[in-house]
Amino acid sequence: MSASVELACPRDAEGFTRVYAATPREFAAAQRCLHCGDEHALQRESITDKGGLAGCVSCGHIELYTLKDFPRALGITVVVIAAVLAPFTYYVSLFVAAGIDAALYAFAPNMVMCYVCHAAHRGFAREPRHPRFDREIDERLKFGERAVMGKPMRPGGTAGAPEPEH
Ligand SMILES: [Zn+2]
């Protein structure tokens with residue numbers, strides 16, 4: 001399975017680009033941006049020797065979170081088709097659709113997101129593991145010292161950190 005990083009263009013936050021590599025260790029030091037056409041540096045030192053993530057490959061920040069890469073458009077399509085078929089199936093199609101969506105979610109692969117630049121990393125090694133989204137980290141990064149809920153950054157960032165309790 002190949003690895004990819006989907007990141008915002010550093011020139012224009014509205015523009016997205018994507019870089020691929022056969023394995024996480026094979027990302028180049030720079031990537032040609034699909035949005036602006038320029039070369040942008042990649043933080044290759046964020047990739048561990050075993051192909052895991054010590055930090056963000058786009059901006060180098062060391063706090064990341066793991067999220068299900070749910071194919072949302074497909075999930076919605078299933079529900080729409082089920083709704084159209086509902087009157088002809090005594091509404092059984094709606095239950096089938098709920099089951100299909102639950103299965104899509106259960107089998108969806110993980111992706112790892114950066115709290116700061118929102119780059120999406122796919123196909124990297126599972127270790128070190130980054131816990132699911134933690135609102136306290138997000139608030140500290142957004143509001144800094146003014147954050148009421150913010151907790152200080154863990155040394156080493158989120159690599160191998162426990163799951164948030166809330
Ligand atoms: Zn980042």
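**Reading the labels on a predicted chain**

Mentor: Pro128 sits in the loop that runs between strand E7 (120–122) and helix H3 (135–143). Helices (H or I, at least four residues) and strands (E, at least two) are DSSP runs, numbered from the N terminus. This is a predicted model, in which local features need pLDDT of at least 70 and side-chain atom pairs count only at pLDDT 80 or more, whereas totals for chains, interfaces and linings use all residues. Residues are numbered from 1 along each chain as its sequence is written, and side-chain values use heavy atoms, with hydrogens and water left out.

Trainee: What makes the peptide bond between Glu127 and Pro128 worth a remark?

Mentor: The bond that joins Glu127 and Pro128 is cis, with omega at about -5°. Most peptide bonds are trans, and most residues other than glycine have a negative phi.

Trainee: Why is Tyr90 called exposed?

Mentor: A residue is buried under 20% relative accessible area, exposed over 50% and partly exposed in between (1.4 Å probe, protein chains only). Tyr90 has 76% relative accessibility, so Tyr90 counts as exposed. Ile100, at a relative accessible area of 39%, is therefore partly exposed.

Trainee: What makes Tyr90, Val92, Val96 and Ile100 a patch?

Mentor: Patches are made of residues with over 30% relative accessible area and no salt bridge, where like charges are joined within 9 Å and nonpolar side chains (Val, Leu, Ile, Met, Phe, Trp, Tyr) within 5 Å. Tyr90, Val92, Val96 and Ile100 form a nonpolar patch of this kind on the surface, with about 440 Å² of accessible area together. Accessible areas come from the Shrake-Rupley method with a 1.4 Å probe, and for residues only the protein chains shown count as cover. Ile100 itself is placed in helix H2 (residues 92–107).

Trainee: How do you know that the span of H2 agrees with its 16 residues?

Mentor: The expected span of a helix is 1.5 Å times one less than its number of residues. For the 16 residues of H2 this should give 22 Å, and the end C-alpha atoms are 23 Å apart, which agrees.

Trainee: Which residues of H2 are buried, and how do you know on which side of H2 they lie?

Mentor: Ser93, Ala97 and Asp101 are the buried residues of H2. They cover an arc of only 75° around the axis, which puts them on the same side of H2; the arc is that of the directions from the helix axis to the C-beta atoms. These buried residues pack against helix H1 (72–85), where contact means heavy atoms within 4.5 Å. On the face turned away from the buried side, H2 carries the exposed residues Phe95 and Phe107.

Trainee: Why is the pair of Arg11 and Asp38 called a salt bridge?

Mentor: A salt bridge is a side-chain nitrogen of Lys or Arg within 4 Å of a carboxyl oxygen of Asp or Glu. The side chains of Arg11 and Asp38 meet at 2.1 Å, N to O, and so fall within that limit. Arg11 lies in the loop between strand E1 (3–9) and strand E2 (12–21), and Asp38 in the loop between strand E3 (30–32) and strand E4 (39–41), so the pair ties together parts that are 27 residues apart in sequence. At 57% relative accessibility Arg11 counts as exposed, whereas Asp38, at 31%, is partly exposed.

Trainee: What makes Arg140 and Glu63 a salt bridge, and why are Arg140 and Glu63 called buried or exposed?

Mentor: The closest N and O atoms of Arg140 and Glu63 are 2.6 Å apart, so the pair forms a salt bridge. Arg140 lies in helix H3 and Glu63 in the loop between E4 and strand E5 (64–68), so the pair ties together parts that are 77 residues apart in sequence. Arg140 has a relative accessible area of 15% and is therefore buried, and Glu63, with 2%, is buried too.

Trainee: How many salt bridges does the rule give?

Mentor: By this rule the count comes to 10 salt bridges, and Glu6, Arg18, Asp69 and Arg122 are linked in a network of them.
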